[in-house]
Amino acid sequence: MFSVAMLGVLTAMLLALVAAVRGPSVFDRILALNVFGTKTVLLIAVSGFLSGRPDWLDLALLYALVNFVGIIAVLKFVRFGDLGRDDSQSAS
Amino acid sequence: MTDLTGLLSWVLLGSGALFCVVGGLGLLRMPDFWARAHAAGISDTLAAGLILSGLMLQAGFGLVTVKLVMVLVFIYITSPTAGHALYRAAHAHGLAFGADTRLETEQVGEDRGAD
């Protein structure tokens with residue numbers, strides 16, 4: 001039954017990759033990237049159970065955090081074209 | 001009792017996989033960005049909750065379930081937050097609405113003027 005869940009997650013990751021390549025605007029690509037990252041967390045969790053070693057859940061936990069920070073960083077880069085912008089000079 | 005837990009876990013895992021695929025299809029097939037964001041955002045959180053709940057039933061009480069709950073809490077907090085930041089950025093950028101989509105506020109106030 002873990003293989004069924006894994007198959008669904010892998011299919012969704014494939015579809016998200018296609019959407020990320022195809023998406024007309026940059027926001028479509030970031031949306032697909034967000035879905036891909038969440039599905040990666042699920043894939044790590046399910047694959048840990050599938051191989052009988054659920055210890056990999058630490059990696060899933062770490063990936064959930066890194067994914068969030070990564071999405072916010074990419075959004076800021078798209079918005080400002082710079083990750084280390086000095087906010088004190090110009091308001092918002 | 002164990003059979004019932006196994007069956008419930010199987011149902012949760014299967015429906016989670018189904019929602020994964022449905023979300024991916026919505027990401028590909030919906031007409032414009034806002035509909036795609038709707039499909040992806042909802043199915044993303046729902047599929048994560050279903051699959052992680054199914055894994056929790058498999059793991060039983062223990063450290064593994066605690067880790068699964070932590071993963072679930074982090075996903076439930078960060079995924080909608082990242083989505084909200086993304087939609088706000090797209091709206092501030094002025095991303096166009098499709099032919100069939102518009103803001104809810106534009107339906108309420110008809111005399112709002114052209115954008």
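I'll go through the interface between chain A and chain B, then its salt bridges. Keep in mind that this is a predicted model.

Start with the area. About 3600 Å² is buried between chain A and chain B, and carbon and sulfur atoms give 83% of that. On the chain A side, Met1(A), Phe27(A) and Leu31(A) supply 18% of the area this chain buries against chain B, more than any other three residues. As for residue counts, 41 residues of chain A and 42 residues of chain B take part in the contact.

Next, polar terms. The rule finds 5 residue pairs in polar contact across this interface, both residues at pLDDT 80 or more. Helix 1 (2-22), helix 2 (26-50) and helix 3 (57-80) of chain A each give two or more residues to the side that touches chain B. Helix 2 of chain A has the largest share, 14 residues. By type, that side of chain A divides into 31 nonpolar, 5 polar and 5 charged residues.

Arg36(B) pairs with Asp28(A), with the closest N and O atoms 2.8 Å apart. Arg36(B) lies in helix 2 (residues 33-59) of chain B and Asp28(A) in helix 2 of chain A, so this pair joins two chains. Arg36(B) is buried at 10% relative accessible area, and Asp28(A) is buried at 5%.

Lys39(A) and Asp44(B) meet at 2.6 Å, N to O, and both are buried.

Lys67(B) and Asp58(A) meet at 3.3 Å, N to O. This pair runs from helix 3 (residues 63-93) of chain B to helix 3 of chain A. Here Lys67(B) is buried at 16%, whereas Asp58(A) is partly exposed at 41%.

Note on methods. Residues are numbered from 1 along each chain as its sequence is written. Chains are lettered from A and ligands numbered from 1 in the order in which they are written. This is a predicted model: local features need pLDDT of at least 70, side-chain atom pairs count only at pLDDT 80 or more; totals for chains, interfaces and linings use all residues. Side-chain values use heavy atoms; hydrogens and water are left out. Contact means heavy atoms within 4.5 Å. Buried area is the accessible area (1.4 Å probe) that two parts lose on being put together, summed over both. A salt bridge is a side-chain nitrogen of Lys or Arg within 4 Å of a carboxyl oxygen of Asp or Glu. A polar contact is a pair of N or O atoms within 3.5 Å; within protein, one must be able to donate a hydrogen and the other to accept it, and residues adjacent in sequence count only if both atoms are side-chain atoms. Helices (H or I, at least four residues) and strands (E, at least two) are DSSP runs, numbered from the N terminus. Ala, Val, Leu, Ile, Met, Phe, Trp, Tyr, Cys and Pro count as nonpolar, Asp, Glu, Lys and Arg as charged, and the others, Gly among them, as polar. Buried means under 20% relative accessible area, exposed over 50%, partly exposed in between (1.4 Å probe, protein chains only).
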